[in-house]
Amino acid sequence: MTKPAPEPGTPGAPGHDDPPAQASTRAVLDEFARGNPEDPLHFGDLVSDLRQTAFGMLLFVAVLPAFLPLPGVAGAISGPLVMLVGAQLMVGLRKPWLPRFLAQRGPQRKSMQRFRVLLAPWLRRLEKLVRPRLPGVLEHPLASAFTGLLLVMLGLLLALPIPFTNYVF
């Protein structure tokens, strides 16, 4: 028994623009791993497909230098990056913007294939536990703007040269 084609103009019909459903991180990684292993994978494509989820990934990468026990340098790197992510959330971007020189760079697809094989079991377990909750509240533009404001303030504090801060004790 086959499913009849949807009426034109209804969701699921050809030519009807449905908003894209948020794919799981594992599904996006699987999609990126497909193809010729020697092809480059651009950060712009990765961020574009991860959409709003990419803000968390960029924030994680932005705060990594803050864990280096180097006075002044770590905050000077992490602070502006965190502020950039926060500013993008404040203005209501639905996916992060990357400068062209970063968006056109990235690893080869074979690196993504190894990364996917390594992380797939862990992501499967994590995605069972961690899933979107209260999307009506958390996806509201005011919630993103408030989160962005907090990140801008945090980035400013990270960048300030306050003695005896940003050290691993």
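Reader: Why is R125 said to lie over the face of W122?

Author: A charge counts as sitting over a ring if NZ of Lys or CZ of Arg is within 6 Å of the ring centre and within 35 degrees of the ring normal. R125 lies over the face of W122, at 4.9 Å from the ring centre, and this distance falls within the 6 Å limit. The model is predicted, so local features need pLDDT of at least 70 and side-chain atom pairs pLDDT 80 or more, while totals for chains, interfaces and linings use all residues. Residues are numbered from 1 along each chain as its sequence is written, and side-chain values use heavy atoms, with hydrogens and water left out.

Reader: What makes S78 a buried residue?

Author: Buried means under 20% relative accessible area, exposed over 50%, and partly exposed in between (1.4 Å probe, protein chains only). S78 has a relative accessible area of 0%, and is therefore buried.

Reader: With which residues is S78 in contact, leaving aside neighbours within four places in sequence?

Author: Contact means heavy atoms within 4.5 Å. On that basis S78, a residue of helix α4 (residues 73–90), is in contact with A62, V63, P65, A66 and L158.

Reader: How many helices and how many strands has the protein?

Author: Helices (H or I, at least four residues) and strands (E, at least two) are DSSP runs, numbered from the N terminus. The protein has eight helices and zero strands.

Reader: Where does α6 bend, and by how much?

Author: The bend at a residue is the angle between axes fitted to the seven residues ending there and the seven starting there. In α6 this angle is about 50 degrees at L119, and P121, a proline, follows within four residues.

Reader: Which residues of α6 are buried, and against what do they pack?

Author: R109, M112, A120 and L123 are buried. The buried residues of α6 pack against α1 (25–33) and α2 (43–50).

Reader: In which helix is confidence lowest, and in which is it highest?

Author: By pLDDT, the predictor's confidence in each residue from 0 to 100, helix α7 (residues 135–138) is lowest at a mean of 76, and helix α8 (residues 141–159) is highest at 91. Over residues 1–20 the pLDDT is below 50. Where pLDDT is low, the predicted coordinates should not be read in detail.
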